[in-house]
Amino acid sequence: MPYGIQDRILRVNLSTGAVSCESPGELFYRKYIGGRGLVAYYLWHEVPPQADPLGPENKLIFAVGPLTGTSFLGSGRNSVGAKSPLTGAYSDAEAGGFWGAELKRAGYDALIIEGQSDKPVYLWIKDDQVEIRDAAHLWGQKTAPVEKQIQKELGDERIRVAQIGPGGENGVAFANICNDLTHFYGRGGLGAVMGSKKLRAIAIRGQRPPVIAHPERLQALVRWYAENWESMNKSSYEYGTTSVVMSLNASGGLPTRNFQEGSFEGAANISHTAINEKYLIDREGCWACPIRCKRVVQAHERYNVDPIYGGPEYETLASLGSCCGIDDLEAVMKGNELCAAYALDTISTGVTIAWAMEAYTRGILTAEELDGLELNFGNGAGLVALIEKIAYREGVGDLLAQGSKKAALQVGKNSIEFAMEGKGQEIPMHEPRLKSALSIGYAVSPTGADHCHAFHDTTLVSEGPFLENMRAIGVRQPLPLSDLSSDKVYNTKQITNWRYFSNMAEICNFMSWTPVQLEEALRAVTGWNISIHEIMDATERVATLCRLFNLREGFTARDDYLKKRFFEPLASLNGHALDKETFDSALTTYYEMMGWSAEGVPTFGTLARLGLDKLPGAVHV
């Protein structure tokens with residue numbers, strides 16, 4: 001009997017209505033762990049090369065990890081993946097909440113959605129009971145009423161619902177998937193993939209929790225964290241991630257006016273203090289987590305902001321706020337509510353609108369082309385109006401719904417230079433001129449620019465507990481923020497690969513578990529005699545498999561770029577800029593450390609070492 005895993009993969013074909021289940025076996029899980037590992041495996045093996053991301057051949061994969069659904073604190077996460085309509089590349093995204101734990105407790109490690117329905121449907125899963133149900137009455141609605149209707153229809157308020165909104169229904173390239181209304185699989189346009197399959201929602205109720213191999217060892221870890229979390233995570237409880245606005249502003253690395261600046265004169269107006277003093281009414285959390293870092297806000301003055309959709313976190317405050325030059329907190333909170341109601345990625349939404357604002361200030365886009373909007377930086381009302389237009393692809397919203405890269409290529413006039421993206425995915429709210437290793441992380445990320453599985457240099461600039469903990473995975477020494485030496489690249493490789501493990505075991509990055517503790521947790525849950533060395537091999541295996549997927553889709557080293565703006569001086573950092581020659585050298589060093597050629601292609605020896613040399617069609621040198 002397997003421990004920790006359910007050893008059951010559920011398949012639902014929306015074209016035929018067929019439902020099946022398979023068991024890949026315990027060795028498979030040791031190689032790929034779970035979460036992102038399962039997503040990468042099935043996308044490689046089952047999505048044909050050059051498949052249309054919005055066509056029936058693309059697959060949408062929900063996957064949990066061995067820690068999901070257990071009592072281990074911070075284990076409420078799961079992954080969703082598909083070929084991205086935003087980038088055309090590999091894509092996955094993670095979210096917290098309770099839906100992933102419910103999938104695991106229904107008895108499944110993954111759910112693979114195949115084909116396309118010819119009419120709106122939703123999926124109802126209750127342990128072994130799997131139904132495809134009509135969703136015509138749900139189509140076109142915002143997310144909150146849909147969740148309520150499904151729970152009422154099925155007669156259980158404890159049912160967990162993952163769903164798209166009008167953004168996904170209308171094929172917005174950066175539409176996301178949400179669960180519990182406030183947790184988002186945010187990047188890559190996975191909501192558009194789900195919408196193309198006419199799948200509005202997946203409702204789950206599970207009553208088969210995973211069996212734990214050594215429950216007493218797991219509970220010892222849980223007790224330790226329960227007794228110590230406040231000393232490690234008190235700020236997360238008080239402010240969530242919203243305090244990052246002021247800390248990055250003070251450092252000169254707060255993305256402002258489409259990354260043209262690194263400090264924002266209105267930062268205090270969109271800060272954690274401003275939220276807590278006037279708008280915060282509650283805090284929410286995730287499965288098996290005492291921290292409750294999620295904000296719940298409400299407003300009634302310039303905008304009515306509904307608390308049912310939670311509240312903005314750092315990425316949203318910056319992307320809809322400082323990146324657009326907006327310091328009207330109510331407009332930002334309203335933008336967050338609309339993105340939640342329509343199921344849109346706030347990062348891509350904000351950065352795409354910031355591109356449009358810069359295009360307007362440069363005279364590239366006119367008010368007439370923007371449906372009459374005088375779209376200067378700082379126009380909060382314009383931001384709110386554009387989010388509505390994007391969700392329904394109305395007027396200029398149809399242009400912006402493609403994302404900044406495709407919109408810029410359509411508009412031309414060299415506006416691609418200030419479309420702040422990587423592989424077509426909008427840059428997150430972290431400035432690589434402040435955190436130099438992020439330049440490598442953004443460039444090599446298989447999903448396009450992403451901050452969650454990248455190394456943030458600010459965590460490792462001095463001796464301390466973080467360095468001591470990371471020594472278990474081979475990290476050697478703290479280094480200055482601006483350093484891009486081979487030592488920094490090594491730290492980048494090791495920590496980036498370790499971040500993959502968070503998305504494979506499915507554990508929240510904001511928890512302060514050490515690698516040694518996570519190794520022990522995996523042993524306790526699964527009973528495997530697994531080591532950190534074996535875990536790191538698994539993370540590198542998955543990172544390389546994601547690379548192989550993109551190579552098969554036609555991506556090359558030329559797609560591991562960083563936008564020209566980041567090689568230009570940033571006044572808030574005393575004129576510091578990344579050096580192009582240093583960046584190129586560091587990128588090549590990263591390839592070599594990963595066992596890839598100078599062109600970013602894995603060597604045969606690397607594939608053999610990772611057990612990937614038998615993959616049909618795998619590119620190697």
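Contact means heavy atoms within 4.5 Å. This model is predicted: local features need pLDDT of at least 70, side-chain atom pairs count only at pLDDT 80 or more, and totals for chains, interfaces and linings use all residues. Residues are numbered from 1 along each chain as its sequence is written, and side-chain values use heavy atoms, with hydrogens and water left out.

**Exercise 1. Cys546**

Task: Find where Cys546 sits, whether Cys546 is buried or exposed, and which residues Cys546 is in contact with.

Solution: 
- Step 1. Cys546 lies in helix H20 (residues 532–552). Helices (H or I, at least four residues) and strands (E, at least two) are DSSP runs, numbered from the N terminus.
- Step 2. The relative accessible area of Cys546 is 0%, so Cys546 is buried. Buried means under 20% relative accessible area, exposed over 50%, and partly exposed in between (1.4 Å probe, protein chains only).
- Step 3. Set aside neighbours within four places in sequence; Cys546 is then in contact with Ala40, Tyr90 and Pro446.
- Step 4. Now take Ala577, 31 residues from Cys546 along the chain: the two C-alpha atoms are 30 Å apart.

**Exercise 2. Val296**

Task: Describe the surroundings of Val296.

Solution: 
- Step 1. Val296 belongs to strand E14 (residues 294–297).
- Step 2. Its relative accessibility is 5%, so Val296 counts as buried.
- Step 3. Beyond four places in sequence, the contacts of Val296 include Tyr279, Leu280, Pro307 and Gly310.
- Step 4. Pro312 is 16 residues from Val296 along the chain, and their C-alpha atoms are separated by 8.2 Å.

**Exercise 3. Cysteines**

Task: How many disulfides does the structure hold?

Solution: 
- Step 1. Use the cut-off: a disulfide is a pair of cysteine sulfur atoms within 2.5 Å.
- Step 2. The structure holds zero disulfides.
- Step 3. Check Cys293: the nearest cysteine sulfur belongs to Cys286, 6.1 Å away. Cys293 has 25% relative accessibility, so Cys293 counts as partly exposed.
- Step 4. Check Cys323: the closest cysteine sulfur is in Cys324 at 5.6 Å, too far for a bond. Cys323 is buried, at 0% relative accessibility.

**Exercise 4. Two helices**

Task: What are the distance and the crossing angle between the axes of H11 and H13?

Solution: 
- Step 1. Two packed helices are described by the angle between their axes and the distance between the axes.
- Step 2. Axes are lines fitted to C-alpha atoms, for helices over the stretch in contact, and angles run from 0 to 180 degrees between N-to-C directions.
- Step 3. Helix H11 (residues 329–342) and helix H13 (residues 380–392) have axes that come within 9 Å and cross at roughly 5°.
- Step 4. H11 and H13 are therefore roughly parallel to each other. Angles under 35 degrees count as roughly parallel, over 145 as roughly antiparallel, 65 to 115 as roughly perpendicular and the rest as oblique.
- Step 5. Among the contact residues are Ala331, Leu338 and Tyr342 of H11, with Leu383, Ile387 and Ala391 of H13.
- Step 6. Sort the contact residues of H11 and H13: nine are nonpolar, two polar and two charged. Ala, Val, Leu, Ile, Met, Phe, Trp, Tyr, Cys and Pro count as nonpolar, Asp, Glu, Lys and Arg as charged, and the others, Gly among them, as polar.
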